Amino acid sequence: MFRDVLKGVRVLDFSQVAAGPICTMLLADMGADVIKVEPPRGDLGRTLGPAWVGADSALFHAINRNKKGICLDLKTPEAVSAARALAAQVDVVVEGFRPGVMTRLGLGYEDIKNLNAGLIFCSISAYGQSGPYAQRAGVDGILQADSGLMSIMGLPDTEPCKVQSPVVDVMTGNL
């Protein structure tokens with residue numbers, strides 16, 4: 001029903017693991033042309049099992065469906081140049097680094113907006129782009145604990161319990 005809603009929209013995906021890939025999976029499911037950029041070692045999400053498809057996790061394959069992939073070592077000027085060229089041709093950039101990383105790479109919104117005036121730039125981070133906790137690392141389990149979610153899970157009179165599915169990442173990706 002929604003397969004072609006975003007047909008013709010081009011997305012450059014610099015995200016890894018779950019929240020960003022879920023976001024761009026939904027865009028791809030609705031017809032967007034998504035290019036996933038992975039570092040030479042691959043998306044960390046490839047290592048999160050159990051349930052494997054060859055050497056990669058089944059979760060990685062599930063949330064990166066309908067995407068094209070490219071490997072770029074963004075620590076090299078050549079790869080940054082290639083990423084900038086791609087950013088000039090897309091409608092949306094999604095990234096999930098800690099705040100400031102894309103800017104240090106020369107790929108932040110201010111760096112590429114002049115290449116592409118209509119660009120939509122989506123930054124996903126655990127604690128926002130500014131503020132006292134902005135530089136803190138955050139993965140689903142940490143955010144479940146910090147938000148208090150773990151304190152209401154499990155059985156009475158037991159230690160806090162993590163929700164076994166990555167609910168924070170899933171909800172973030174859906175927003």
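This is a predicted model: local features need pLDDT of at least 70, side-chain atom pairs count only at pLDDT 80 or more; totals for chains, interfaces and linings use all residues.

Visitor: Why is the crossover from β1 to β2 called β-α-β, and what is its hand?

Guide: The chain goes from β1 through helix α1 (residues 19–29) to β2, and this crossover is right-handed. The term right-handed applies if the path from strand over helix to strand runs clockwise, with the strands pointing away from the viewer.

Visitor: What makes β1 and β6 a pair?

Guide: There are 3 parallel bridges between β1 and strand β6 (residues 92–95), and the rule asks for at least two. Val 11 stands opposite Val 92 in β6.

Visitor: Where is Leu 119, and how far is Leu 119 from Val 92?

Guide: Leu 119 is in the loop between α5 and β7. Leu 119 and Val 92 are 27 residues apart in sequence, and their C-alpha atoms are 5.7 Å apart in space. Leu 119 has 7% relative accessibility, so Leu 119 counts as buried.

Visitor: What is the volume of the largest pocket, and which residues are closest to its centre?

Guide: The volume is about 1200 Å³. The pocket is lined by 43 residues, and the closest to its centre are Gln 16, Val 17, Leu 44, Gly 96 and Val 139. The elements giving two or more residues to the lining are α1, β2, α4 (101–105), α6 (140–147) and α7 (167–174). By class, the lining has 24 nonpolar, 10 polar and 9 charged residues.

Visitor: Why is the pair of Tyr 109 and Phe 121 called edge-to-face?

Guide: The ring centres of Tyr 109 and Phe 121 are 6.0 Å apart and the planes are at 65°. Rings pair if their centres lie within 6.5 Å, and planes over 60 degrees apart count as edge-to-face. Both conditions hold for Tyr 109 and Phe 121, so the pair is edge-to-face. The two residues are 12 apart in the chain, with Tyr 109 in helix α5 (residues 109–112) and Phe 121 in strand β7 (residues 120–123). Tyr 109 counts as partly exposed, at 33% relative accessibility.

Visitor: How many aromatic pairs are there by this rule?

Guide: The count is 2. Tyr 127 and Tyr 133 form an edge-to-face pair, at 6.0 Å centre to centre and 75° between the planes.

Visitor: Why is Tyr 127 called buried and Tyr 133 partly exposed?

Guide: Buried means under 20%, exposed means over 50%, and partly exposed is in between. Tyr 127 is at 18%, so Tyr 127 counts as buried. Tyr 133 has a relative accessible area of 42%, so Tyr 133 is partly exposed.

Visitor: What sets Val 17 and Asn 66 apart in the backbone?

Guide: Most residues other than glycine have a negative phi. Phi of Val 17 is near 70°, a positive value, and Asn 66 has a positive phi of about 65°. Val 17 lies in the loop between β1 and α1, while Asn 66 lies in the loop between α2 (58–63) and β5. Val 17 is partly exposed at 25%, and Asn 66 is partly exposed at 46%.

Visitor: Where is there a cis peptide bond?

Guide: The cis bond joins Gly 49 and Pro 50, with omega about 5°. Pro 50 lies in the loop between β2 and β3 (52–53). Most peptide bonds are trans.

Notes: Residues are numbered from 1 along each chain as its sequence is written. Side-chain values use heavy atoms; hydrogens and water are left out. Helices (H or I, at least four residues) and strands (E, at least two) are DSSP runs, numbered from the N terminus. On a 1 Å grid over the protein atoms alone, a cavity is a set of points where a 1.4 Å probe fits but cannot get out, and a pocket is an open set with protein on both sides within 12 Å along at least five of seven lines; lining residues have an atom within 4 Å of a point. Grid points are joined across faces, edges and corners, and a volume is the space filled by probe spheres set on the points. Ala, Val, Leu, Ile, Met, Phe, Trp, Tyr, Cys and Pro count as nonpolar, Asp, Glu, Lys and Arg as charged, and the others, Gly among them, as polar. Rings of Phe, Tyr and Trp (its six-membered ring) pair if their centres lie within 6.5 Å; planes under 30 degrees apart count as stacked, over 60 as edge-to-face and the rest as tilted. Buried means under 20% relative accessible area, exposed over 50%, partly exposed in between (1.4 Å probe, protein chains only).
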